Amino acid sequence: MQLLEVLIEYAQSSLNRPFSYVYQGDKIIIKGTRVLITFNNRDIVGYVLNVIDTNKTIAQLNEEMGFEIQEIKKLIDESPLLNEELFSLLDEVSSYYLAPKISFLQAMLPPSLSPRKSALKAPGIAFDYYYEVANDDESNLTNKQIELIRLIKNEGRILKRNVSKAKYVMNLLDKGHIVEVKEEKRRLKIPNYKYEAPPALSDDQKSVINEFNGSKDLVYLLEGVTGSGKTEIYLALSEQYLKQGKSVLMLVPEISLTPMMVEYFLHRFSTHIAILHSELTPAERYDEYRKIARGECQIVVGVRSAIFAPLPNIGLIVLDEEHTETYKQDTLPFYHARDIAIMRAKYHGAKVLLGSATPSLESRARGSKKVYHMLYLNKRINNQKLPTTKIVNMRDYKNIDRDSYIFSHALREAMHQTLAKNEQAILLINRRGFSTNVTCRSCGYVFTCPTCKIAMTYHKTDNMLKCHHCDYVEPLTGSCPTCGSSYLIKTGFGTEKIEEEIERLFPSAKTLRLDSDSAKNKNKIPLVIEAFRNKEANVLIGTQMIAKGHDFPDVTLVGIVLADIGLSMPSFRSSERAFQLITQAIGRSGRKDKPGYAIIQTYQPSHYAITFAARQDYEQFYRKEMEMRKLQFYPPYAFLVGITIKGKNEKKVIESTYQIVDYLNEHLQENGLVLGPATPYVPYERGLFLRSIQIKYTNRELMQSVLQNMQQLYGYSSHFDLLINIDPYNF
Ligand code: ADP
Ligand code: ZN
Ligand code: ZN
């Protein structure tokens, strides 16, 4: 009999331990596979952590354990889900992040292989069936049969469904002249691209590559201004690793940037490329994943979760736009792709290359300390100038256009000229929707989300009010729910409003809009980007989605409609975020041969994040922001950890939070600053009350052991769930 230690599919701190089951059948269960089990009278999926052969009887085991041990219901996999590297990575990440192992398994594996019940209904392997010639002796065959054999021989093999002559086929199969071969089908269709030879590298690019190759360091940070040719460096280095028989893992921050990167790679390498992101169908993801696991792809391009791709023999891992927050998963398991990249690179003896025009302060500070090896590209390709920028003070009414409270004279005039020259403009407003508030003029009622109690945004396209926090939506009926008045006013503006303003002020302009609303339809992003690149429109309006990465040769004007939106968020990262967003957005202007121009509209024209962004001066911004962080004892001067306590009973949640705070204070003493209990921004979630604790600290090892002990002591309570977020972004 086999005794199994099984992790169950629920990723809760209190259930984060192996449960015992037995298997009395005659198959051999291998650790690392899934089984169907009964837990609390429900059928769920478990993951076998360990298998112990035993001669004991069930009765003996029951006696020993003190409960009635159950038999598993079914074996799901025959071979382990993870290879050896990923199996050991699982241990490493779950202890580093103090997160339930099962949550990492669920993050690492595609939906069809995930240890969760829903995976059992997910699509499995699909096959294509082919005929191949096994014996080409033509004697005793009819002419028709010979014709078919020759056809198959010429083609190598042919798809079964393309052969209509069933009669001849059966005969040939029976006689052993042809055989049926089945092969796994790849449901994701990747187009063929013509090879494009690489451009001659610039001297700057060459010296970056030489320095990279000449060093044995593990992690490199390439700080290169927008348009300095960082992508070309990724491609050149990839080529080098592929030639050595190594594989390359290329991460991009978001789905909208995958098509462009994939295209770059497809043009350059005929080598097999796999693509991994969450908008592939489960079937497509499954195929891509298995193809990678079989060692059939040398390049993987994907978003955050692709960092877990079962790619063998890695030589290089690249994180493009490394500062982007999407690399940090802000739900369980709270991991950062950069950390995982480094763990995996160590295992493979590979290198990690981080690239950005505006590195995260954490990475740049590690660069200063030589923990990461700094590489620089200070100039744009062909010495193309950085855009000329202008900051417009929107507090001064004289600067504002008479016909529109949203546009300044300067921006309206610049738009006008850009359109007249048949060039393109990008307008950035980091807020989707039409207006940010709907208020009743009669009684002052503000339309707020019933769950989050924050103001809802009005979306004109579908006449809905939407909560941007929790995705709650309701139609705008036109009257106040409190007093019934229909005198409602809409204030504040977002992308939809800008689009309408452009249509009003520039009737001949053709606009496209890209934000997470227009991107709800998953095929839309690449279409919009393609359409804009093909000049089917001359104005692109969007949120941060359009600021990053894209290379549109004809864009000569970038307008930041309101630079202050990010700055007013209550976070120590707000200046950094605003700086990055503005710098990246400005960087979309004047990338080819025409000079670029950018206008920044703001109510805080002398804020350092705005002035340094206007000058595209990352280094100055970095110095200033480091001073601020030092004063406030925030990263990179301190590390953060966020702890959330979640439970049905608010009183118990509060009491426990106090206990945990006391525990932490007692064990950290002067080694950590414990802040809390605090009530989070969203204090109530799906029937559960939330409280939080934040800790600032400098000694990671010490913190790790204190947190581990805390988890042992409080993590298994049935009254609440304990979530630990190492290096949180939004806390
Ligand atoms: P970044 O990622 O640094 O913003 P890109 O890699 O997108 O910059 O490069 C900017 C532009 O310069 C692109 O159009 C790219 O094709 C072009 N480019 C890059 N390297 C070279 C080179 N060595 N010679 C000519 N053009 C180049
Ligand atoms: Zn009212
Ligand atoms: Zn809400």
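# Reading strands, sheets and a pocket in a predicted model

User: Which way do the residues of β24 point, and are they buried or exposed?

Analyst: From strand β24 (residues 511–514), Thr511 and Arg513 point one way while Leu512 and Leu514 point the other way, and all are buried. The pairing of β24 with strand β25 (residues 539–542) is parallel and runs over four bridges, with Leu512 opposite Leu540 in β25.

User: How should I read the burial of a whole strand, for instance β31?

Analyst: The general idea is to count the residues that fall under 20% relative accessible area, which is the cut-off for buried. In strand β31 (residues 688–697), eight of the 10 residues are buried, so the strand is largely enclosed by the rest of the structure.

User: Which strands pair with β31, and over how many bridges?

Analyst: Strand β28 (residues 639–647) pairs with β31 in the antiparallel sense over nine bridges, and Lys646 has Leu690 as its bridge partner in β31. Strand β29 (residues 672–678) runs antiparallel to β31 and is joined to it by five bridges, with Leu675 standing opposite Gln694. Strand β30 (residues 684–685), also antiparallel to β31, is joined to it by two bridges, and the partner of Glu685 in β31 is Leu688. The hairpin of β30 and β31 has two residues between the strands, and in that hairpin Arg686 takes a positive phi near 45 degrees.

User: How is a pocket found, and what lines the second largest pocket?

Analyst: Rolling a probe the size of a water molecule over the atoms shows where empty space is left. The second largest pocket has a volume of about 1,300 Å³ and is lined by 45 residues, of which Gly229, Tyr264, Ile381, Asp551 and Lys592 lie nearest its centre. The elements that give two or more residues to this lining are α6 (203–213), α7 (230–243) and α8 (258–268), and α8 provides the largest share, six residues. By residue class, the lining divides into 15 nonpolar, 13 polar and 17 charged.

User: Which domains does the lining of that pocket draw on?

Analyst: At least three residues of the lining come from each of domain 3 (203–382) and domain 4 (384–434 + 493–630). The chain as a whole is divided into these two together with domain 1 (2–121), domain 2 (127–184) and domain 5 (639–726). The centres of domain 1 and domain 2, taken over C-alpha atoms, are separated by 46 Å.

User: Where does Asn40 lie, and is it buried or exposed?

Analyst: Asn40 is placed in the loop between β3 (34–39) and β4 (42–53), and the residue is exposed because its relative accessible area of 65% is above the 50% cut-off. From Asn40 to Gln244 the separation is 204 residues in sequence and 53 Å in space, C-alpha to C-alpha.

User: What does the radius of gyration say about the chain as a whole?

Analyst: The chain has 20 helices and 32 strands. Its radius of gyration is 29 Å, close to the 27 Å that the globule rule gives for 731 residues, so the chain is as compact as a globular protein of that length. Along the principal axes, the C-alpha atoms fill a box of roughly 90 × 75 × 65 Å, and buried residues make up 53% of the 731 residues.

Definitions and conventions:
Residues numbered from 1 in each chain as written. Chains lettered and ligands numbered in written order. Predicted model: local features only at pLDDT ≥ 70, side-chain atom pairs only at ≥ 80, totals over all residues. Heavy atoms only, no water. Buried < 20%, exposed > 50% of the residue type's maximum accessible area, 1.4 Å probe, protein only. Domains from an automatic or database assignment. 1 Å grid on protein atoms, 1.4 Å probe; cavity = no way out; pocket = protein on both sides within 12 Å on 5 of 7 lines; lining within 4 Å. Points joined across faces, edges and corners; volume = space filled by probe spheres on them. Nonpolar A, V, L, I, M, F, W, Y, C, P; charged D, E, K, R; others polar. Pairing = 2+ DSSP bridges. Rg over C-alpha atoms; globule rule 2.2 N^0.38 Å.
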